[in-house]
Each structure stands twice: as structure tokens, then as C-alpha cells.
Amino acid sequence: MSKPQVFQLEINSFSSPNEITVYRELLEQLNCDSPYYCYELLNSSQNENTNLKCFIFLVDEEVKAVMPFFLRRIASEKTVVDYYDVSSPWGYNGPFFKEGTDDTLIGLFWKEVDDWYLKNDVVSEFLRFNFYVNHRNYSGHTL
């Protein structure tokens, strides 16, 4: 009998040098050499209203995807609850999947992201997908 897979979605907040190092190591594990995922480029647009974060999707403790994103509070004086917007940083990124990741795991990644959005009051998302068909099984709408 095979052991069930363990799925985990972690959030990297880039709030310490160690988290930046971990992010760079994850990119190496994924063989990601795209400049659009380079921390220095991603961080260049961060400010007091725009927080750089990154989803890390693990399956049985093996990294299968990373997705950098900006999380912004949506300013409103008419609501008691804080709502948030997610967008991809400058350039073409979205999730970077480990080569060979099957469609089932990619669909599960998007489900985990959607669940995180729901729990964290994220009400809108704008992603600039890369050129490597990383929009496969995306749970939102594409134009």
C-alpha cells in the first residue's frame, strides 16, 4: 500500500536574509533561471503598501512550485474588514513549476492558493503568466 502524499503551501515573506536565501535555493532546485523570478527585480517595486511574498508548494517535502506575488491592502473607509489584492510583480512570472509536474498537482496548487486567498480576505488577483504555459489548470479566468 502506498503512502498518501502530503501537500503543503507555505508563504515566504522575504522579511529576513534567510528567507531570501531559501527563495534563491528553491529557484535552483526548480532549475529556474528566468530573470523575472530574481529577488532583486521582484523587490524593486516593493513599498510600504505593497508587500512581496511568495507561495511555496511542497509535495512530500519536495518543492514543486514557487509563485512570487505582491499583497496589497485595498483601502476603504466603508468596511470594517480589510480586503486585499494580489498581483504578480513586474515581468512575466506567476507560478514556476518543477519540470514534469503533472496536471493533478498543478490543479491542487491552484486549489491551495484559492483556499489561502479565501482565508486571508484576498478579493482580486492579477497575474502576468510566463511564456512556459504556467497557466495550465488555472482556477481563475484568463484573457
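Hi everyone, thanks for coming. Please keep in mind that what you see is a predicted model.

Let me start with the aromatics. There are 11 aromatic pairs in the structure. One of them joins Phe 109 and Trp 110 edge-to-face, with 5.0 Å from centre to centre and 70° between the planes. Are these two residues buried or exposed? Phe 109 has 0% relative accessibility, so it counts as buried. Trp 110 is buried as well, because its relative accessible area is 1% and the cut-off for buried is under 20%. Elsewhere, Phe 55, Phe 69, Trp 116 and Tyr 117 come together as one aromatic cluster.

Now for the strands. If you find strand E4, residues 83–87, you can follow the pairing to either partner. Strand E3, residues 62–74, runs antiparallel to E4, and five bridges join them. On that side, Tyr 84 in E4 has Arg 73 opposite. With strand E6, residues 122–126, the pairing of E4 is parallel and spans four bridges. There, Asp 85 has Ser 124 in E6 as its bridge partner.

What does its side chain reach? The side chain of Asn 93 comes to 3.3 Å from the backbone oxygen of Tyr 36.

Let's go out to the surface. Here a nonpolar patch is formed by Ile 74, Val 80, Val 81, Tyr 83 and Val 123, and together they have about 450 Å² of accessible area. Val 81, one of these residues, sits in the loop between E3 and E4. Its relative accessibility is 38%, so Val 81 counts as partly exposed.

I'll finish with two backbone details. Asn 31 is not a glycine, yet its phi is positive, at about 55°. You will find Asn 31 in the loop between helix H1, 17–29, and helix H2, 39–43. At 65% relative accessibility, Asn 31 counts as exposed. Asp 121 is not a glycine either, and its phi is positive at about 60°. The loop between helix H3, 103–119, and E6 is where Asp 121 lies, and its 31% relative accessibility makes Asp 121 partly exposed.

Note on methods
Residues numbered from 1 in each chain as written. Predicted model: local features only at pLDDT ≥ 70, side-chain atom pairs only at ≥ 80, totals over all residues. Heavy atoms only, no water. Phe/Tyr/Trp six-rings, centres within 6.5 Å; stacked < 30°, edge-to-face > 60°. Buried < 20%, exposed > 50% of the residue type's maximum accessible area, 1.4 Å probe, protein only. Pairing = 2+ DSSP bridges. Polar contact = N/O pair within 3.5 Å; in protein donor to acceptor, adjacent residues only side chain to side chain. Patch = residues over 30% accessible without salt bridge, like charges linked within 9 Å, V, L, I, M, F, W, Y side chains within 5 Å. Areas by Shrake-Rupley, 256 points an atom, 1.4 Å probe, with all protein chains shown as cover. Salt bridge = Lys/Arg side-chain N within 4 Å of Asp/Glu carboxyl O.
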